[in-house]
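Reader: I have the sequence and the coordinates open. Can you walk me through them?

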Amino acid sequence: MSGSFTDEQIRRYSRQIILPDVGGIGQRKLLGSRVLIIGAGGLGSSAIAYLAAAGVGTLGIIDSDIVEISNLQRQIIHGGNIGLAKSISAESFVRRLNSDVDVVAYQACFSAENARTIVREYDFVIDGSDNFPTHYLINDACVLEKKPCSHGSILRYEGYATTSIPERGPCYRCIFKKIPPPGLIPSCQEAGVFGVLPGIIGTIQASEALKFVLGTGQTLTGRLLCFNALDMTFFEASARKRLDCSICGEYPRIVSIEPENYLEEGRKECRLDPRA
Amino acid sequence: MTLELDLRGEVCPYTFVKTKLKMEEMAGGEELTILLDDTEATANVSRSLKSEGHDIVDLKSISRGVWQITAKKAGFQTPRKERDE
């Protein structure tokens, strides 16, 4: 009677099927879509939870870390899973929440070697990584594979999000030209993070993915949305595509992913066991 | 041809969700007859259909506690060429 939806799906997605820009047509688009979440940490947790709840049909989740007790203050999908790989923990969370969603869990580091091959399989990418080399690697893989990506970053009480849609607006490198020198920007581990912050920014990234798949609304393309949780303020900076961008400009210097471009001094190699 | 949707026994918001899904499968100008047995749902479905731009052709009680809505899907019924003639 109602196309290909089961009665359970009609009930599960009723509040969003009812929305003017979704309907059954939009819900089918979501169920047929594939979103990759790089990092199942703070940003990834909230993005994964809402994308799974909305019925995004396939979620790729890549993370090489193990759940630790210090993660649980903000990484809300990993409860009860200390010691388990985050990708596997995230997969079990999704399965409990919504059996319509297929999870492809990669218990691996998102690296120069696998970046393009993985990104290629998805319609939209969420950058939930926590270090600069990976932000640039994700950007470069997405630009080269022409995949849209929502970038997010958080520190202490502040965070930002922006979305890059290849050939339609600036990429991450257009906005942040160079990797800051090591040590200039402290990591969350050193500086701390207000637990709700990744929840807010990760949810913004998830809404970007949903709108892109649905083909509705305005994404953060060409806009950097900044949030301060202490002042409870949002502000927006506009960003343009740079003609001299090293990857998406007129004469790009970066035409392939070369591992040596994504090294960070002092950063240990990606590892599976944090206690090693 | 008028299509039918029997939503007796169904409650809000599923009454409208199912109506909306059915309307999506129809062509502009086609009519749908919906049966409902809840006053609130009848009012809500009627209002929601209007807010999505469809026409309510008829709304009546056909027996005690049962309402029938006839709605016409928004969009052209006949090709533009014929209308202009």
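## Sheet, loops and salt bridges

Author: One thing before the details: this is a predicted model. At A:I126, the residue opposite in β5(A) is A:S150.

Reader: How do the two strands there pair, and over how many bridges?

Author: Strand β4 (residues 124-127) and strand β5 (residues 149-155) of chain A are parallel, with three bridges between them.

Reader: What is the strand order of the open sheet in chain A?

Author: The order is β3-β2-β1-β4-β5-β6-β7-β8, eight strands with mixed pairing. β3 (102-106) and β8 (233-238) of chain A each have a single partner strand, so they stand at the edges with one side lacking a neighbour in the sheet. On average, neighbouring strands are turned by 15 degrees against each other, direction ignored.

Reader: Which strands does helix α7 touch?

Author: Helix α7 (residues 132-145) of chain A packs on the sheet and touches β1 (34-38), β4, β5 and β6 (158-164) of that chain. The direction of α7 makes about 170 degrees with that of β5(A).

Reader: And what does α10 lie across?

Author: Helix α10 (residues 196-214) of chain A lies across β1, β4, β5, β6, β7 (223-228) and β8 of chain A. The angle between α10 and β5(A) is about 175 degrees.

Reader: Back to α7. A:I138, buried or exposed?

Author: A:I138 sits in helix α7 of chain A. With a relative accessible area of 0%, A:I138 is buried. Beyond its neighbours within four places in sequence, A:I138 contacts A:I38, A:F110, A:V125, A:D127, A:S129, A:C149 and A:H151.

Reader: What about A:N139, buried or exposed?

Author: A:N139 is also a residue of helix α7 of chain A. Its relative accessible area is 1%, so A:N139 counts as buried. With neighbours within four places in sequence left aside, the contacts of A:N139 include A:H151, A:S164, A:Y172 and A:I247.

Reader: Where is A:K147?

Author: A:K147 is in the loop between α7 and β5 of chain A. A:K147 is buried but has no salt bridge.

Reader: How far is the nearest side chain of opposite charge?

Author: That is A:D123, 5.2 Å away. The side chain of A:K147 does reach the backbone oxygen of A:R120, at 3.5 Å. Outside the four places on either side in sequence, A:K147 is in contact with several residues, among them A:V119, A:Y122, A:C142 and A:P166.

Reader: Backbone next. Which peptide bond is cis?

Author: The bond joining B:C12 and B:P13 is cis, with omega about 0 degrees. B:P13 belongs to the loop between β1 (2-6) and α1 (14-25) of chain B. Most peptide bonds are trans.

Reader: What is phi at A:R156 and at A:E167?

Author: Phi is near 50 degrees at A:R156 and near 70 degrees at A:E167. Most residues other than glycine have a negative phi. A:R156 is in the loop between β5 and β6 of chain A, and A:E167 is in the loop between β6 and α8 (172-175) of chain A.

Reader: Is each of those buried or exposed?

Author: A:R156 is partly exposed at 45% relative accessibility. A:E167 is exposed, at 62% relative accessible area.

Reader: Over to β1(B). Which residues are on its covered face?

Author: B:L3 and B:L5 are on the covered face, while B:T2, B:E4 and B:D6 are on the uncovered one. In a regular strand the side chains alternate between the two faces of the sheet. β1(B) pairs in the parallel sense with strand β2 (residues 31-36) of chain B, over five bridges. B:E4 has B:T33 in β2(B) as its bridge partner.

Reader: How many salt bridges over all chains?

Author: The search of the whole structure finds 17. One of them joins A:R11 and B:E10, at 2.8 Å from N to O. This pair crosses between chains, from helix α1 (residues 7-12) of chain A to the loop between β1 and α1 of chain B. A:R11 is partly exposed at 30% relative accessibility, whereas B:E10 is buried at 10%.

Reader: Which residues are linked with those two in a network?

Author: A:D7 and B:K18 are linked with A:R11 and B:E10 in a network of salt bridges. Elsewhere, A:D244 and A:R242 form a salt bridge with the closest N and O atoms 3.1 Å apart.

Key:
Residues numbered from 1 in each chain as written. Chains lettered and ligands numbered in written order. Predicted model: local features only at pLDDT ≥ 70, side-chain atom pairs only at ≥ 80, totals over all residues. Heavy atoms only, no water. Pairing = 2+ DSSP bridges. Helix = DSSP H or I, 4+ residues; strand = E, 2+ residues; numbered from the N terminus. Axes fitted to C-alpha atoms, helices over the stretch in contact; angles between N-to-C directions. Contact = heavy atoms within 4.5 Å. Buried < 20%, exposed > 50% of the residue type's maximum accessible area, 1.4 Å probe, protein only. Lys, Arg positive; Asp, Glu negative; His and termini not counted. Salt bridge = Lys/Arg side-chain N within 4 Å of Asp/Glu carboxyl O. Polar contact = N/O pair within 3.5 Å; in protein donor to acceptor, adjacent residues only side chain to side chain.
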